[in-house]
Amino acid sequence: MNLLIIDNEKSQRDSLAGFLKKRGHALATVSAGEAGIAYVEKHQVDVVLTDFRMPDKSGMEVLEAIKALNPVVDVVLITAYGTIETAVEAMKKGAFDYLTKPIDLDELELLLAKIENHRNLVSENERLREQLAERYQLHNLIFQSREMAKVASTVARIAPTRTTVLISGESGTGKEVLAKAIHFASPRKDRSMVTVNCAALSDTLLESELFGHEKGSFTGADRQRIGRFEQAHNSTLFLDEVGDIPPATQVKLLRVLQERTIERVGSNQPLEVDVRVIAATHRSLDQMMKEGTFREDLYFRLNVVAIDIPPLSGRRDDIPLLMDRFLIRFGEENARGNMQFSKEAFDLLMKYDYPGNIRELENIVEQAVVLARGNVVTSAELPSTVRQLPLENKPVFSSLSGSFAEQVAAFEQGLIRQALAGTKGVQRRAADVLGMTERHLRYKLQKYGMKD
Ligand SMILES: Nc1ncnc2c1ncn2[C@@H]1O[C@H](COP(=O)(O)OP(=O)(O)OP(=O)(O)O)[C@@H](O)[C@H]1O
């Protein structure tokens with residue numbers, strides 16, 4: 001360990017130092033309290049052995065100062081007059097222990113072994129806690145909004161189980177990202193998550209995709225095929241766009257979920273599978289169920305835990321963090337170094353509604369990074385839908401030309417026009433809005449030749 005001895009008596013310092021060096025510790029010595037505190041401030045120290053009575057500071061003051069600087073340092077007080085009171089006070093202030101003079105070297109050695117043991121345990125605990133935190137830090141899921149924190153806490157609760165989860169949310173809100181986050185926070189994380197996009201396949205193909213088929217079971221089935229359920233054995237199966245599963249396949253899916261066995265198309269041999277199913281939909285299954293296009297029994301099987309991801313416009317607190325992370329990511333991917341948004345680009349992106357949700361934000365930032373000339377993304381690189389958003393703090397005049405008087409006049413006219421537009425031309429109310437008398441407003445209108 002790294003030890004520091006603080007003692008004003010040279011003989012005591014030297015004898016302790018000699019002994020401790022021989023025991024393999026790294027050692028520093030100082031002769032006063034203040035110097036000891038300064039040393040701790042600048043160096044890595046594990047244990048401080050400090051004398052109790054010193055001319056400049058008491059051992060108790062040294063103890064307090066060191067603990068305030070770095071609470072991880074263990075402090076041992078050395079006192080000539082061991083009284084219960086001093087011991088109690090020292091322990092209360094956070095000393096690891098105290099020793100009485102003359103120091104019994106065996107006792108000192110035992111004490112240091114105890115400290116070392118304790119420190120190892122503490123760092124082991126910290127490591128375990130970090131590992132735990134890492135596990136609960138959701139894989140690739142960026143958020144800071146309260147809405148998503150709620151989602152994340154549900155995920156943390158249900159991830160370790162095998163419960164079926166139904167994720168709903170608009171397109172691009174991150175349903176697949178969330179499914180992966182659940183998978184990676186689950187005990188199944190060491191096997192890959194298997195994904196099926198149910199909307200992308202025709203009825204027959206979807207069935208064989210999900211459950212596999214035997215050779216010759218239908219035209220074109222020229223060899224046996226392992227289905228996604230079998231592939232996802234002991235892992236997670238993500239059924240994206242589950243609302244698009246046709247009714248006949250819905251029945252089969254329901255049976256698999258109930259019985260936990262599958263049959264390949266063209267076989268009646270049941271195979272047991274242990275699969276956790278996460279389903280996602282951008283459609284309202286609730287509505288589809290009412291309309292009779294989605295089976296009620298399947299809906300309840302899937303909807304054991306329901307997670308609804310709000311659209312990005314409903315959790316605007318996530319926007320700046322996502323902007324920032326995407327800027328870093330695309331900056332790195334395109335070897336553009338440290339990128340930044342100009343103030344105007346930032347304000348516009350903060351204002352936009354993102355009908356395409358996170359996917360749209362991601363695309364906008366990627367495109368802007370690619371188009372940017374230097375390291376700054378300006379509003380010129382943003383799509384016109386974003387660029388054309390009105391910004392309240394936009395200057396009234398677009399260029400600084402003309403004399404001071406001309407610019408002030410233009411500014412005043414702009415304000416007056418805006419106020420009149422807001423009050424549908426009613427001058428009395430416009431004057432109120434502008435905080436001037438009606439007479440003053442009329443004077444200005446006349447002065448600028450504006451329509452009365
Ligand atoms: N919380 C998030 N943090 C980081 N990236 C995200 C997050 N949510 C979504 N994304 C990104 O946004 C894009 C869309 O996400 P994803 O494919 O998961 O959405 P989806 O809801 O499944 O969309 P769809 O319904 O269209 O399939 C992806 O590129 C993903 O990386």
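**Exercise 1. Decide whether D51 is buried or exposed, and say why.**

Solution. Count the C-beta atoms around D51: there are 24 others within 10 Å, so D51 is buried. The cut-offs run as follows: buried means 20 or more other C-beta atoms within 10 Å of the residue's own, exposed means 12 or fewer, and partly exposed lies in between, with C-beta atoms placed from the backbone.

This is a predicted model, in which local features need pLDDT of at least 70, side-chain atom pairs count only at pLDDT 80 or more, and totals for chains, interfaces and linings use all residues. Residues are numbered from 1 along each chain as its sequence is written.

**Exercise 2. Place D51 in the fold and list what it touches.**

Solution. Start with the element. D51 sits in strand 3, residues 47-51. Helices (H or I, at least four residues) and strands (E, at least two) are DSSP runs, numbered from the N terminus.

Next, the contacts. Setting aside residues up to four places away in sequence, D51 touches I6, D7, N8, G59 and I78. Contact means C-beta atoms, placed from the backbone, within 7 Å.

Last, the record. An unreviewed UniProt entry annotates D51 as "modified residue: 4-aspartylphosphate". Such annotations may be inferred rather than shown by experiment.

**Exercise 3. Describe the shell around the ligand and explain where the ligand lies.**

Solution. Take the residues first. The shell has 17, and I142, S171, G174, K175 and E176 come nearest. A residue is near if its C-beta atom, placed from the backbone, lies within 6 Å. Helix 7 (175-184) and helix 15 (357-371) are the elements giving two or more residues.

Then sort by type. Five are nonpolar, seven polar and five charged. Here Ala, Val, Leu, Ile, Met, Phe, Trp, Tyr, Cys and Pro are nonpolar; Asp, Glu, Lys and Arg are charged; the others, Gly among them, are polar.

Finally, the domains. Domain 2 (146-310) and domain 3 (314-387) both give residues to the shell, so the ligand lies between them. The bounds come from an automatic or database assignment.

Notes:
Two residues are in contact if their C-beta atoms, placed from the backbone, lie within 7 Å.
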